[in-house]
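Dear colleague,

I am handing over a structure that you have not worked with before, and my notes on it follow below. Please read them with the sequence and the 3D view open beside you.

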Amino acid sequence: MYETKYHKASSVADAVSLIGKSDDGKLLSGGQTLVPTMKARLAAPSDLVDVSGIADMHGVSISGSTVTIGAATTHADVAGNADLQAKCGGVACLAAGIGDPAVRHKGTIGGSIANNDPAADYPAAMLALGATIKTNAREIAADDFFVGMFETALEDDEVIVSVSFDAPAKAAYAKFPNPASRYAMVGVFAAQTADGARVAVTGAGSDGVYRQSDMEAALDGDWSPDVLSGVQVGSEGLLSDIHGDATYRANLVKVMARRAVAGCA
Amino acid sequence: MTEVSMTVNGKAVKADVPDNTLLVQYIREHLRLTGTHVGCDTSQCGACVVHVDGKAMKSCTMLAAAADGAEVTTIEGIADNDLHPMQTAFKENHGLQCGFCTPGMIMTATDMVKRYQADGLELTEDAIRHELEGNICRCTGYHNIVKAIADGASKMTSA
């Protein structure tokens, strides 16, 4: 790992100020992607601003039908939250399937969505739930937030504070993990929201997470796994790599979508 | 350099370390507690698992500075006198061959048993295998590790 300067932020304002003053700094939350990337010398931030200790950025709160999750809440804390399990089990279940137990004890939702890895799980949930990403400066709709592979609408010194969404009538996530890395080869989050069916796909798109609108239209007519049999998923714009080509992934999108809808509670 | 102070295995420790020092480097090279291993160095194998504030974490995937103020337990710190019941179970069930992954396996095992017991959940064979997703063993084929954890879990209940 190259040299870096570590700072522990005491508040959101402190984090914004520290990152603003840094030369080429990066925010550090759980670090489960950033630290390995730095160890491999693929990233060399001049400064690290650790936001994991900021109290305001922790925890799951539910008010009416609105679920809010602090950006520094770990995957384990999201997975184990009994209120969330009751309100939106799909998100808790998704969190329980990220990485492994040690990673879930450290990795955070804010870090996951800020990184926007094309195979990360949380972006699919945020997009399918029509979540709002709240930063120190503004609120960004998930539809506008995920811009492309490892790219988001965040400015350089912008800090995600929390995410919130309206609990859907039904939602579930199904993923086909890569047998070695456990990252999603394809993951599909399906949700029956107040605005209709929303289906978001991760792991498959060469521009990162995206919505499968033809599936959404089909599910609006009939919320059932079988209705998806009639939807053709093309392979254009899908990833091809040593783990699977675009045609294989296109088929997985369909299979995972069926499993997600079938698994909806 | 950053001054870090933490409690490791019940003992207060303090040092001035370069900011890019990993927790595992601090544990092994500064504190000379070499029971915690570095297997893959890419955050996959789990040989470096320690408990930070009571939770299993990969000490190769966090900075020592980020553990400032934390309570850390390593493999050296789990036994009261002789062996921890989980260590005994690994020994009795032949849950290791070369032993390189064993410290991480045991730290992951005690963490999962504590969590399952606290939640009143049954630690089934399937659950053990799922919970071991972040620990790689290249010798045993896992069967005896799974047996050892089930045995260790029953010993931890009776302990």
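A residue is called buried here when its relative accessible area is under 20%, exposed when that value is over 50%, and partly exposed in between. Please keep in mind throughout that this is a predicted model.

After H2(B) comes B:His94, a residue whose phi is positive, near 50°.

The next topic is the interface between the two chains. Chain A contributes 27 residues to the contact and chain B contributes 24 residues. The size of an interface is often given as the accessible area lost when the parts come together. Here chain B and chain A bury about 2,000 Å² between them, and 56% of this area is on carbon and sulfur atoms. Five salt bridges are found across the interface of chain B and chain A, and one of the salt bridges in the model joins the side chains of B:Asp41 and A:Lys39, at 3.4 Å from N to O. There are also 10 residue pairs in polar contact across the interface, with both residues at pLDDT 80 or more. On the side of chain B that touches chain A, at least two residues each are supplied by strand E4 (55-58), helix H3 (102-118) and helix H4 (125-131) of chain B. The largest share of that side comes from E4(B), with four residues. Sorted by class, the side of chain B that touches chain A has eight charged, seven polar and nine nonpolar residues.

B:Asp19 is placed in the loop between strand E2 (11-17) and helix H1 (23-30) of chain B, and with a relative accessible area of 5% B:Asp19 is buried. The side chain of B:Asp19 makes a polar contact of 2.7 Å with the side chain of B:Thr2. If neighbours within four places in sequence are left aside, B:Asp19 is in contact with B:Met1, B:Thr2 and B:Leu63 as well as with A:Thr4, A:Lys5 and A:Tyr6.

Turning to salt bridges in general, the structure holds 18 of them over all chains. In chain A, A:Glu158 and A:Arg138 form a salt bridge in which the closest N and O atoms are 2.7 Å apart. A:Glu158 is in the loop between strand E9 (151-152) and strand E10 (160-166), while A:Arg138 is in the loop between strand E6 (132-135) and strand E7 (139-141), so this pair ties together parts of chain A that are 20 residues apart in sequence. A:Glu158 is buried, with a relative accessible area of 6%, whereas A:Arg138 is partly exposed at 33% relative accessibility.

A further salt bridge in chain A joins the side chains of A:Arg198 and A:Asp143, at 2.9 Å from N to O. Because A:Arg198 lies in strand E13 (residues 196-202) and A:Asp143 in helix H9 (residues 142-145), the pair ties together parts of chain A that are 55 residues apart in sequence. A:Arg198 is buried at 9% relative accessibility, and A:Asp143 is partly exposed, with a relative accessible area of 40%. These two residues also belong to a network of salt bridges that links A:Asp143, A:Arg198, A:Arg211 and A:Glu216.

In chain B, the salt bridge between B:Arg115 and B:Asp111 has its closest N and O atoms 3.0 Å apart. The two residues are separated by about one helical turn, because they are four residues apart in helix H3 of chain B. B:Arg115 counts as partly exposed at 26% relative accessibility, whereas B:Asp111 counts as buried at 3%.

Lastly, A:Ala120 is found in the loop between helix H7 (109-115) and helix H8 (122-128) of chain A, and A:Ala120 is buried at 9% relative accessibility. A:Ala120 and A:Gly203 are 83 residues apart in sequence, yet their C-alpha atoms are 7.0 Å apart in space.

With kind regards

Note on methods: Residues are numbered from 1 along each chain as its sequence is written. Chains are lettered from A and ligands numbered from 1 in the order in which they are written. This is a predicted model: local features need pLDDT of at least 70, side-chain atom pairs count only at pLDDT 80 or more; totals for chains, interfaces and linings use all residues. Side-chain values use heavy atoms; hydrogens and water are left out. Contact means heavy atoms within 4.5 Å. Buried area is the accessible area (1.4 Å probe) that two parts lose on being put together, summed over both. A salt bridge is a side-chain nitrogen of Lys or Arg within 4 Å of a carboxyl oxygen of Asp or Glu. A polar contact is a pair of N or O atoms within 3.5 Å; within protein, one must be able to donate a hydrogen and the other to accept it, and residues adjacent in sequence count only if both atoms are side-chain atoms. Ala, Val, Leu, Ile, Met, Phe, Trp, Tyr, Cys and Pro count as nonpolar, Asp, Glu, Lys and Arg as charged, and the others, Gly among them, as polar. Buried means under 20% relative accessible area, exposed over 50%, partly exposed in between (1.4 Å probe, protein chains only).
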